[in-house]
Amino acid sequence: MKIAFRPKLLDCLPGYDRNQFGKDLGSGITVGVLALPLAMAFAIASGVSPTAGIWTAIVAGLIISLLGGSRVQIGGPTGAFIPIVYGIVVAHGFGNLLGATMLAGIMLLAMGLTRMGQLIRFIPLTVVIGFTNGIAVVIFLAQIKDFFGLSIASLPAEFFARIKVLAAHAHTVDLPTVALSVSCFIFLLSYNRLAQRFALLRRAPGPLAVLVVGTLVAFALDLPVETIGSRFGGIPQDLPSFGLPDLSIHDFGKLISPAITIALLGAIESLLSARVADSQIDDRHDPNQELVAQGLANVAAPLFGGFAATGAIARTSTSVKAGGRTPIAGIIHAITLLGIVLIAAPLAAYVPLATLSAIVMVVAINMGEWHEFKELRRYSWNYRIILLATFFVTVLFDLTIAVELGMVLACLFFIYRMSELTRIERLPLDEAAQDPELLYPDGTLRVTAWQMFGSLFFGAVNKLEELLDPRAGHPEIVILDMTRLVQLDTTGLEGLENLRDKLEKRGCTLMLCGLNAQPGSLLQRSGFIDAVGPANVGVDIEHAMQRARDLLPNLMGSHDEDY
């Protein structure tokens with residue numbers, strides 16, 4: 001198997017000029033400034049320090065832009081990872097989170113090198129919508145603690161335990177925190193409309209504006225609210241230490257399942273983001289190269305204290321709207337974040353957690369495709385069941401279980417639908433009914449013909465039993481017209497072999513006609529055509545009927561009452 005490695009950056013460098021660099025520079029700075037509050041907010045919501053979120057955005061964002069398969073993909077921590085990362089931290093600790101992230105990176109790298117990028121598109125849209133909306137609900141619920149300033153030492157990752165703890169501490173609501181978070185929440189929700197009226201607001205991304213305003217208000221009024229400084233001691237201004245996570249070989253066994261979850265979600269999110277970006281810039285990304293970059297990014301980020309990263313749809317779209325058209329914009333975005341950390345890190349200590357929780361809540365609201373619930377009545381019950389089952393299992397239990405359940409349901413419904421489309425219908429043979437050579441003395445036909453439609457596979461092979469029904473008559477020759485049979489699997493082949501054997505025991509000859517490429521190839525390779533007899537395989541129904549006329553004089557021509 002040929003392994004291709006060609007980052008999109010190499011395709012963008014020929015012909016790259018000063019004009020495009022100016023656009024990429026402005027775009028990269030804009031997205032870098034936007035990424036700062038999001039990286040801190042996502043990290044805190046995930047149960048880790050804001051420093052981890054920032055360095056995830058810097059390291060992973062740089063690698064994804066340098067080596068990715070999309071022109072404009074912006075990588076970093078995303079809201080979709082919040083419930084997964086939080087659950088891993090609670091269950092296994094931060095060190096094991098780094099190990100799970102690196103293991104997921106290796107999986108993503110393997111997926112890209114083995115060219116599995118296209119397979120991600122096989123995940124049904126219903127499953128993607130279901131778990132995306134479910135993740136949005138989980139993120140929203142996880143922010144209630146900081147949004148209301150509840151006095152909870154540690155919030156459980158499991159849904160029912162979390163609801164129980166939130167209800168038990170509802171009386172500890174902190175009014176200054178609520179006032180600040182609600183104000184930031186409303187301000188951010190209405191930011192786009194305000195930006196249309198005030199030109200100054202158009203120059204700053206909404207999350208950054210809310211972060212600055214919320215911090216200034218809390219500082220000016222000396223509000224007694226929790227900040228990054230009071231909980232985490234601020235953000236270090238120097239570079240993080242470089243090294244492998246402190247893990248033993250025994251830890252990897254329990255990290256396989258979390259790593260698979262991170263890899264699966266990372267692949268889906270990054271390729272969805274790249275597809276959205278393709279539609280915006282009229283380009284086509286390389287899904288396998290993108291997975292390679294995502295894998296390398298998730299291997300590298302933990303070496304600097306970062307965690308899981310993927311393509312960020314919101315930041316990628318912002319970059320495109322700001323004029324970014326090459327990976328240079330993503331590289332500048334990472335450099336901008338690095339510059340902010342090295343210069344302005346001490347100011348982050350004053351950022352209120354209530355402001356960050358409001359930002360994350362709005363992200364959760366915006367990431368959900370809530371209109372799909374309104375549209376459910378327009379779709380089939382199969383569609384509704386898959387989407388709702390994936391949604392509720394994501395919220396109540398676990399994303400991995402939800403995706404597995406959604407895929408199983410989608411496969412089962414697909415099998416059922418395909419089996420319904422597979423039909424075997426009896427052909428009338430009106431002309432044969434006028435031919436005395438083809439009739440028994442009582443006027444019944446010595447030949448019957450059946451036409452097959454669709455796919456004869458394991459879910460529909462039982463439909464061959466209709467040909468053995470005594471009510472179908474007592475023919476000496478049975479013709480199967482396969483002109484409209486497009487696919488045959490090995491179970492269908494076994495069904496045809498059983499049919500031939502049973503007909504042979506009853507003195508009946510099986511004939512085939514109109515074989516298409518795939519069924520014909522399988523029947524030839526398996527030896528079935530040799531068993532039936534090449535002379536009994538015709539081009540179409542006319543040839544098969546002529547073969548029957550030639551063959552019938554040599555047959556007994558009597559009823560088999562045991563048929």
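Mentor: Start with the second largest pocket, which holds about 490 Å³ of space. Its lining has 24 residues, and Pro83, Ile84, Gly87, Phe397 and Asp398 are the closest to its centre. Helices H4 (82-92), H6, H8 (159-168), H13, H19 (381-396) and H20 (399-421) each give two or more residues to that lining.

Trainee: Before we go on, what kind of model is this?

Mentor: A predicted one, where local features need pLDDT of at least 70 and side-chain atom pairs pLDDT 80 or more, while totals for chains, interfaces and linings use all residues. Numbering starts from 1 along each chain as its sequence is written, and side-chain values use heavy atoms, without hydrogens or water.

Trainee: What makes something a pocket, and what makes a residue part of its lining?

Mentor: On a 1 Å grid over the protein atoms alone, a pocket is an open set of points with protein on both sides within 12 Å along at least five of seven lines, and a lining residue has an atom within 4 Å of a point.

Trainee: Which helix gives the most to the lining of the second largest pocket?

Mentor: H4 does, with 7 residues. By class, that lining has 14 nonpolar, 6 polar and 4 charged residues. Gly counts as polar here.

Trainee: And what is the volume of the largest pocket?

Mentor: About 1400 Å³. Its lining has 41 residues, with Ile313, Ala314, Arg315, Thr318 and Asn366 closest to the centre. H15 (313-321) and H17 (353-367) are among the elements giving two or more residues to that lining, and so is H2. H15 has the largest share, 6 residues. The classes there come to 24 nonpolar, 11 polar and 6 charged.

Trainee: Where does H2 bend?

Mentor: At alanine 35, by about 30°, with proline 37 following within four residues. That bend is the angle between axes fitted to the seven residues ending there and the seven starting there. Just after H2, glycine 47 takes a positive phi of about 85°.

Trainee: Why is alanine 153 called exposed?

Mentor: Exposed means over 50% relative accessible area (buried is under 20%, partly exposed in between, with a 1.4 Å probe and protein chains only). Alanine 153 has 89%, so it counts as exposed. It sits in the loop between helix H7 (144-148) and H8.

Trainee: What is the strand order in the open sheet?

Mentor: E3-E4-E5-E6-E7, with mixed pairing among the 5 strands. E3 (423-426) and E7 (537-538) are the edge strands, each pairing on one side only.

Trainee: What makes E4 and E5 a pair?

Mentor: Two strands pair if DSSP finds at least two bridges between them. E4 (residues 447-456) and E5 have 9, in the parallel sense, and glutamine 451 stands opposite aspartate 481 in E5. E5 (residues 477-488) also runs parallel to E6 (residues 509-513), joined by 5 bridges. There, leucine 480 stands opposite leucine 512, and isoleucine 479 stands opposite methionine 511.

How values were computed. 1 Å grid on protein atoms, 1.4 Å probe; cavity = no way out; pocket = protein on both sides within 12 Å on 5 of 7 lines; lining within 4 Å. Points joined across faces, edges and corners; volume = space filled by probe spheres on them.
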